[in-house]
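Reader: I have a new model to go through before the group meeting. Could you take me over it?

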Amino acid sequence: MDLAPTLKKHFGYDEFRPLQQEIINDALARRDVLVLMPTGGGKSLCFQLPALTREGLTIVVSPLISLMKDQVDALQTSGIAATYLNSTLDRKDAVARWRGLHRGEYRMLYVAPERLMLDTFLERAMNWNIAQFAIDEAHCISEWGHDFRPEYRELKKLRTHFPDVPMMALTATATERVRADIVKQLKLREPRCYVASFDRPNLTYRIVPKSAPYEQLLEFIRSRPNESGIVYCASRKSADSLARNLSEDGISAKQYHAGLTSAERTKNQEAFLRDDVRVVTATIAFGMGINKPNVRFVVHYDLPKNLESYYQETGRAGRDGLPSECVLLFSAGDVAKQLHFIDEKSESEARIARAQLQQMVHYAETRDCRRMTLLRYFGEEYTKPSCEGCDNCLTPRETFDGTIPAQKFLSCVHRIHAKNGFGFGLNHIVDVLRGADTESIRQRSHNELSTYGIGRALKRDAWQAIGRELLRLGLIESAPGKFATLGLTLAGRDALRHRTPITLTKQIEVVEQSRDQKSRVGAIECDEVLFECLRDLRRKLADERNVPAYVIFSDVSLREMARNYPTTATEFRRIPGVGEQKLKDFAETFLSEIKNYLIGNPRRTFSNRLDPLPSPRGSRLNESQRETLRRFRSGESVEDISRARGFMRSTIYDHLETAIKSGESLEADRFFTGAQREEIARAFQKVADGKLADVRSLLRSKYDYGELRIFRALAAH
């Protein structure tokens, strides 16, 4: 089935994102599917598009009642028959929707798990033609996940009540353990598992030393006057005070945390989603399922507890693919605060929490590429020498010959251990090095050690940073347990004995400015004045319809309009995000705004604009597909192009398949040997309906779907 017309008609896009097409094909083949995609990866389309191309109702299980309306509004604005049932509806509305469901008027229904699993609800649902269950935020079903919800456990009964209805479970959680638990709890049958790359190339990661945090935050937000963002705080009190202070300083801000009433949380969240409020100051209670694509920055005012939380929270920035920033204000004092909270946990919980915190601190203090460090945590290798999207790659931190201070530190650890037969914590070692006069030092006679006072020339925080870096370099190790005592590793002993040269990193002293936005991954250069005019128009239309602005058009769509100046319906249709319904509803209004703007303003020219007319020979290729074709013809392999462009291999195969179908000539020898062509041809001959899954199975999964699609396209042309 050719899904491209449906994708363009309803969603306004010419091509799929990585893995989407394969997932959709499996869903249409009635297979159980587990989808693991980072925030902003396009999970929703994986169940929304199949719902439009087959008979029956898709039931979407979502834990967030507050977001159901916005999700359904967005679908209805695109001409899709969708609805929701939750406690916010009055009786009249609810009855009307029940009636529509019984008549088969809807393609999609959004519902919370606790409502779906009521006996009365299930009895009614038995009478509907249900095509699929899509379980969003599926990690909530696992006790090993970071957001376990007991009501999700009831969903395992769906298999009993609806044994023949396929399921799609979707999550952004990465661990193998959680994935296995989802499969087990939902009783998925031989599910196809799809794991997308966790790289978010449009995000820039920066660590800023925390000196005057509020002033740093205020200056950062003021320098981005038209942008929305989230500021994550460690406590409710901090979220409250930041929102109040920002408001007093002229920044529209609201707080969000579990201490507010449900009505207050909903009100503040909606204000943010609808751009009535520019900044939300929040605890970790805020964020799951936030469907706002134009969050341009996420600031961590305090240190997150672990890398998984940090990744998920930063992932709420830049869901539309445009450049966005992730800033963490870091200080050693925050580490001490976290350790204090950890000490109050049970020993088994505390051990895990300390290890997670140590990983977080290593990330904050490393001089390596932050993207590489983050992806490695999720088991993904990043092989580029520079990501061009983190402070360490953009402005590499200075290093120095740290052999002498490292020797002093290692020697102090060694001598303390030799004297007492056991180790001490980081702070005690720093006190000995600096010659502090403390009861702990006097009591143990550590003031008599040869290393006592040999580090007076350096400040306390400098020694702490050196200690943490030696820990990260594997020259010392931290014993598990409440007191986290330090000891030399084998490598540390060798370094001490042989006076091995050791390179250390200078502490960050200043806030580095981010590079020019235009050069960032995902940037769309456009007429900024026209873009602001179109934003104002979008806001007016959204207010009239009582929906968030992004439901009308995303920032990506507006930037493409302000880049290409469409003045006819044909040109407007080519803008990403313009489907048939939106063309009908909004083309006249937006085209009028652009024409009026052009009366008093000249057109500006930008590189890589959308072609005003199809390219020669009737090619339907877009800019991205043409770039892939150009590279392939110049001799680059699919693997080379995938790596260079930061796309999945499946996307590169999609581009080349489209090129072949558009009449471009490509040599089969570039893809297959003669023997491979014969082998694949025999498999296709044995499969009557030509289903790729069956062909691939016959070939024992020797070839991936992209290669088989290329073979089919070459054979047909």
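Reader: What is the average pLDDT of the protein?

Author: The average is 86, and 93% of the residues score at least 70; pLDDT is the predictor's confidence in each residue, from 0 to 100. Residues 509–518 are below 50, and this stretch has 21 contacts in the model beyond near neighbours in sequence, a contact being heavy atoms within 4.5 Å. Where pLDDT is low, the predicted coordinates should not be read in detail.

Reader: Moving on, how many residues of helix H14 are buried?

Author: Seven of its eight residues, 307–314, are buried, so H14 is largely enclosed by the rest of the structure. Buried means under 20% relative accessible area, exposed over 50%, and partly exposed in between (1.4 Å probe, protein chains only). Helices are DSSP runs of H or I with at least four residues, and strands are runs of E with at least two, numbered from the N terminus.

Reader: What do the buried residues of H14 pack against?

Author: Their partners include strands S8 (203–209) and S9 (228–232), as well as helix H16 (347–365). At the N-terminal end, Asn306 caps H14, with a side-chain oxygen 3.3 Å from the backbone nitrogen of Glu308.

Reader: How many aromatic pairs are there?

Author: The whole structure holds 20. Rings of Phe, Tyr and Trp (its six-membered ring) pair if their centres lie within 6.5 Å; planes under 30 degrees apart count as stacked, over 60 as edge-to-face and the rest as tilted. One of the pairs is Phe198 with Phe378, stacked at 5.2 Å centre to centre with 10° between the planes. This pair ties together parts that are 180 residues apart in sequence, because Phe198 lies in the loop between S7 (192–195) and S8, and Phe378 in the loop between H17 and H18 (391–394).

Reader: And the backbone: which phi does Tyr565 have?

Author: Tyr565 has a positive phi near 50°, in the loop between H26 (555–564) and H27 (569–573). Most residues other than glycine have a negative phi.

Reader: Is Tyr565 buried or exposed?

Author: Tyr565 is buried, with a relative accessible area of 0%. Asp275 also has a positive phi, of about 65°, but is partly exposed at 24%.

Key:
Residues numbered from 1 in each chain as written. Predicted model: local features only at pLDDT ≥ 70, side-chain atom pairs only at ≥ 80, totals over all residues. Heavy atoms only, no water. Polar contact = N/O pair within 3.5 Å; in protein donor to acceptor, adjacent residues only side chain to side chain.
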